[in-house]
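Me: Could you walk me through this structure? I am new to it and would like to start with one spot.

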Amino acid sequence: MRSENITVRFEHGLHMRVAAQIAKIVQRFNAAVHIRKVGRPQANAGSILEIMSLGATAGEHLSVSADGPEKDDAVKAVTELFEQGGGI
């Protein structure tokens with residue numbers, strides 16, 4: 001398993017457009033990817049609704065984890081999206 005801590009840098013948090021972009025990215029990889037927020041069940045990063053159910057707002061800290069043959073690439077891709085931040 002591979003895991004990284006990330007910060008929500010999207011001005012309006014994890015809204016539908018961001019969630020859709022995350023889901024689209026992780027579906028390219030042969031890995032099970034999840035996003036976790038303290039106090040909430042982990043969300044399947046391939047599911048827009050599960051991502052949005054985290055209710056993560058700008059500035060909150062999350063963790064992204066993946067397991068599977070392409071776990072490193074999947075975590076890197078999601079982390080890069082979060083680092084890009086305001087572009088979405």
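Me: Where is A56 placed?
Reply: In this predicted model, where local features need pLDDT of at least 70, side-chain atom pairs count only at pLDDT 80 or more, and totals for chains, interfaces and linings use all residues, A56 is in the loop between α2 (48-52) and β4 (61-67). Residues are numbered from 1 along each chain as its sequence is written, and side-chain values use heavy atoms, with hydrogens and water left out. Helices (H or I, at least four residues) and strands (E, at least two) are DSSP runs, numbered from the N terminus.

Me: Buried or exposed?
Reply: A56 counts as buried because its relative accessibility is 6%, where buried means under 20% relative accessible area, exposed over 50% and partly exposed in between (1.4 Å probe, protein chains only).

Me: And what does A56 touch, beyond its neighbours within four places in sequence?
Reply: A56 is in contact with V8, G13, L14, K37 and L62, contact being heavy atoms within 4.5 Å. G13 is 43 residues away along the chain, yet the C-alpha atoms of G13 and A56 are separated by 5.7 Å.

Me: Switching to helix α1, which of its residues are buried?
Reply: In α1 (residues 16-26), the buried ones are V18, A19, I22, A23, I25 and V26. They lie on the same side of α1 because they cover an arc of only 160 degrees around the axis, taken from the directions from the helix axis to the C-beta atoms.

Me: What is exposed on the other side of α1?
Reply: M16, R17 and K24 are exposed there.

Me: And what covers the buried residues of α1?
Reply: The cover includes β2 (32-36), α2 and α3 (71-84).
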